[in-house]
Amino acid sequence: MKLQEIVRDLYSVDQPQGCTEEEIAAMKERFGVIPAVVEDFWRTFGHTKELNYGQDNWVFPAHYAKWKWLEEFDALVLLDENQSVGQACIQREDLSLPDPPVYLWIRPDGPRELSSPTASAFLEAALIYEAVWQLPYSPEEIFEFSEADLEVVHSRLTRHPTVMKNWFGPENTFYSNRPDNLVVVMDLDGGEYQAIYGAFTQESYAALLEVMEGLGEPI
């Protein structure tokens, strides 16, 4: 799925705003090299304000000019957890790769876990995951899901091929029945699941509720 399609459908942005060439050049000077996939992401979305209404905080070149805490990382930070407990990073030694892996760092000197084998897969998954927190039509609750609830979602909605791993839980998977609605199922390990869902239009939300209404227990 193209990133532009995700941003169009789940953020209602037809004309995203990107970074300037000067901002990208400054980042190349700082790190020596920037992976092509990240550079393209910044050039397309780096000043798109609608991306900042999700659960966590994207880190774009402009933030490197004002957030001093980023200097603590010997890595390129892509996404900052909403309480800065952890960050999605590309390790410095991987920056020369065109599409490097992304790791969850628990602060600069803490443990690290592989979140995605490629930056392109991470960016797609993260854009989808962050979208669900800002969709205007939603129950505004997180639900605890049983295996039976999960089976209904599996059987009646379309699963996105991308997943988000090791973002404060082993795996987040994504489902929908229209381009502008979304269900995120969070696998918390040990057979425990939580779900959050919503849509960008009332019509699309109604279509989602045909499947989701009555599933799970609100937390």
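**Exercise 1. Work out whether Glu39 is buried or exposed, then find its salt-bridge partner in this predicted model.**

Solution. Start with accessibility: Glu39 has a relative accessible area of 13%, and the cut-off for buried is under 20%, so Glu39 counts as buried. The side chain of Glu39 meets that of Arg43 in a salt bridge, with 2.8 Å from N to O. Now check where the two residues sit. Both belong to helix 3 (residues 36–45), and because they are 4 residues apart there, about one helical turn separates them. Arg43, for its part, is partly exposed at 29%. Finally, widen the view: Glu39 and Arg43 belong to a network of salt bridges that also links Glu21, Lys28 and Asp40.

**Exercise 2. Trace the order of the strands in the open sheet and name the edge strands.**

Solution. Begin with the order: 6 strands make up the open sheet, arranged 7-8-9-10-6-11, with antiparallel pairing. The edges are strand 7 (158–165) and strand 11 (217–218), each of which pairs on one side only. Then zoom in on one pair. Strand 9 (residues 181–187) and strand 10 (residues 193–199) run antiparallel and are joined by 7 bridges.

**Exercise 3. Show which parts of the chain the salt bridge between Arg178 and Glu203 ties together.**

Solution. First confirm the pair: the closest N and O atoms of Arg178 and Glu203 are 3.5 Å apart, and the cut-off is within 4 Å. Then place each residue. Arg178 is in the loop between strand 8 and strand 9, while Glu203 is in helix 7, so the pair ties together parts 25 residues apart in sequence. As for accessibility, Arg178 is partly exposed at 33%, whereas Glu203 is exposed at 56%.

Lys68 is exposed at 60%, and Glu71 is exposed at 53%. To finish the tally, the structure holds 10 salt bridges.

Definitions and conventions. Residues numbered from 1 in each chain as written. Predicted model: local features only at pLDDT ≥ 70, side-chain atom pairs only at ≥ 80, totals over all residues. Heavy atoms only, no water. Pairing = 2+ DSSP bridges. Helix = DSSP H or I, 4+ residues; strand = E, 2+ residues; numbered from the N terminus. Buried < 20%, exposed > 50% of the residue type's maximum accessible area, 1.4 Å probe, protein only.
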